[in-house]
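Hi,

Here is the structure I promised to pass on. Have a look at it first, and my notes on the ligand site follow below.

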Amino acid sequence: MDFNLKNKNAVITGGSRGVGRAIALELAKEGVNVAVNYNKSADAAQQLVKEIEARGCKAYAIQADLANSEDSVSLVEEAYSKLGTLDILVNNAGIWPSNWIQDIPLTEWNKTLEVNLTSVFLTSQTFIKKLMAAKKGGKILNVTSQAAFHGSTTGHAHYAASKAGVVSLTVSMAREVAKLGINVNAIALGIVETDMTKQALHDKQEYYMNRIPLGRVAKPEDIAKISTFLVSEPASYITGATIDATGGMLMR
Ligand code: NDP
């Protein structure tokens, strides 16, 4: 299938590691130029830029702390001006702090909501305004979790709430911007082998494996392939959807 992505321009939040990194590389394989956002992992982001360039695409690493609202806006503006335009926004950055409900400090609750949900609103709003000014369509893909539907089972109530917010925001935005030729979708992940889950998988591997009917934890590359399809032209009739890429952990 031809994804028709060659020479498109994408910005990916949290692109320095894990799922975001894999999505950046998979898009570059299809000829997409990528602005890779990072917060702390500057070396990893620069290394990724080199790998994308080696695939013949343009790439830029852009530092932005998405807990900060000004950074969320300036990230998209900088990506737009560096790449000349934008076609794709992948809201992937996320944090997964752990605390039982009685112990969650308000600061941790607020930061989780800021990084996982408020930044998705702000980057999307900025992206949509840019596309409206340029009178062109585009694609937004938001990375969410099975926890948005199941709630947390292991002390991540704030995380689950933030990811449920992403699902609802995806639907609302999709409905509003459909007439502008902008598709907005989400991808719900189960367990993916990244830094985020390393410790949990080490401590409770059997617990997690028992919840995955396909019997294996996802690789970031599994998610990257599905994500690439979702921001491609052949997926243009999908909008407002949350696609479950959980190995069956989430069935609904
Ligand atoms: P990782 O912890 O491996 O990577 C997180 C990425 O997000 C890094 O690139 C990191 O950047 C970035 N990031 C974190 N905080 C900020 C911030 N304040 N500002 C900007 N960037 C930030 O996570 P995963 O790759 O596993 O997760 C990717 C997405 O998938 C997240 O939204 C997560 O919630 C979701 N998900 C993951 C699951 C899993 O099993 N792994 C399951 C369900 C959902 P840096 O290193 O530069 O600071």
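**The pocket and its ligand**

The lining of the largest pocket is made up of 18 nonpolar, 20 polar and seven charged residues. (Ala, Val, Leu, Ile, Met, Phe, Trp, Tyr, Cys and Pro count as nonpolar, Asp, Glu, Lys and Arg as charged, and the others, Gly among them, as polar.) Bear in mind that this is a predicted model, where local features need pLDDT of at least 70, side-chain atom pairs count only at pLDDT 80 or more, and totals for chains, interfaces and linings use all residues. Residues are numbered from 1 along each chain as its sequence is written, and side-chain values use heavy atoms, with hydrogens and water left out.

α7 gives the most to that lining, with four residues. (Helices, H or I, of at least four residues and strands, E, of at least two are DSSP runs, numbered from the N terminus.)

What takes up the space of the largest pocket? The ligand does. (On a 1 Å grid over the protein atoms alone, a pocket is an open set of points where a 1.4 Å probe fits, with protein on both sides within 12 Å along at least five of seven lines; lining residues have an atom within 4 Å of a point. A molecule sits in a pocket if more than half of its atoms lie within 2 Å of its grid points.)

Around the ligand there are 32 residues, the closest being Ser41, Asn92, Tyr159, Val192 and Thr194 (near means a heavy atom within 4 Å). That shell splits into 14 nonpolar, 13 polar and five charged.

As for polar contacts (N or O pairs within 3.5 Å), a polar side-chain atom of serine 16 is 2.8 Å from a ligand oxygen atom. A polar backbone atom of asparagine 39 also lies 2.8 Å from an oxygen atom of the ligand.

Cheers

Conventions
A polar contact is a pair of N or O atoms within 3.5 Å; within protein, one must be able to donate a hydrogen and the other to accept it, and residues adjacent in sequence count only if both atoms are side-chain atoms.
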